[in-house]
Amino acid sequence: MPKHTFKLNGKQISVDAEDNVRLLWVLRDLLGVTGPKYGCALEVCKSCTSHINGKAFNPCSVQVKDIEPTDEVTTIEGLPATVGKDLHPMQEAWLKYDVAQCGYCQPGQIMAAVAKVKQKGGALTDADFDEIRNICRCGTYARIREAINQGASRM
Ligand code: FES
Ligand code: FES
């Protein structure tokens, strides 16, 4: 079976998997990294949102063969280490505003929020918020926006 190597949450890892297995299943089933959630596998729900080289992406829609050895994949598990703390400022804001309901979409929401704030270089406009397409079936969107505003001010 082919071996694939890439950087995951700060460590270079290797994993044996068929080339066409999508990264979400490599992360969850082979590497035990379950923060990225499986919702649709169609790049629609965004519950698996993680970062590749600092940008948001959906590992449900990327085959593991397309991840390069130099690529840095960060999941919610590795987010705090990117700022050298126990929690990322966006996670602290999430707690302050008690955002989560069932929680299923929330790792993806936080990863999308951090990537969007980095991309825009600070506070988000209404148009920026509209570009975040992560679905929350519990309808926590109002609290998500409050938390992103707070988190962005501390990033
Ligand atoms: S599971 Fe990846 S976008 Fe829905
Ligand atoms: S908190 Fe339940 S789906 Fe978002």
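**Exercise 1: the largest pocket**

In this predicted model, the element that gives the largest share of the lining of the largest pocket is α3, with 4 residues. Describe the space in this pocket and the residues that line the largest pocket.

Solution. Begin with the volume: the largest pocket holds about 260 Å³ of space. Next, consider the lining, which is made of 15 residues, those closest to the centre being A56, A112, A115, K116 and E131. Finally, sort the lining by class, which gives 5 nonpolar, 4 polar and 6 charged residues.

**Exercise 2: the second largest pocket**

Determine which residues line the second largest pocket, and how they divide by class.

Solution. The space in the second largest pocket comes to about 210 Å³. Its lining includes the cysteines C40, C45, C102, C105, C136 and C138, and among the other lining residues are G39, Y104, I135 and R137. By class, the lining of the second largest pocket divides into 8 nonpolar residues, 2 polar residues and 1 charged residue.

**Exercise 3: a nonpolar surface patch**

Identify the residues of the nonpolar patch on the surface, and decide whether Y141 is buried, partly exposed or exposed.

Solution. The patch is formed by L42, V44, I135 and Y141, which together have about 390 Å² of accessible area. Of these, Y141 is found in helix α5, which spans residues 141-154. Because its relative accessible area is 40%, which lies between the cut-offs of 20% and 50%, Y141 is classed as partly exposed.

Notes. Residues numbered from 1 in each chain as written. Chains lettered and ligands numbered in written order. Predicted model: local features only at pLDDT ≥ 70, side-chain atom pairs only at ≥ 80, totals over all residues. Heavy atoms only, no water. 1 Å grid on protein atoms, 1.4 Å probe; cavity = no way out; pocket = protein on both sides within 12 Å on 5 of 7 lines; lining within 4 Å. Points joined across faces, edges and corners; volume = space filled by probe spheres on them. Helix = DSSP H or I, 4+ residues; strand = E, 2+ residues; numbered from the N terminus. Nonpolar A, V, L, I, M, F, W, Y, C, P; charged D, E, K, R; others polar. Patch = residues over 30% accessible without salt bridge, like charges linked within 9 Å, V, L, I, M, F, W, Y side chains within 5 Å. Areas by Shrake-Rupley, 256 points an atom, 1.4 Å probe, with all protein chains shown as cover. Salt bridge = Lys/Arg side-chain N within 4 Å of Asp/Glu carboxyl O. Buried < 20%, exposed > 50% of the residue type's maximum accessible area, 1.4 Å probe, protein only.
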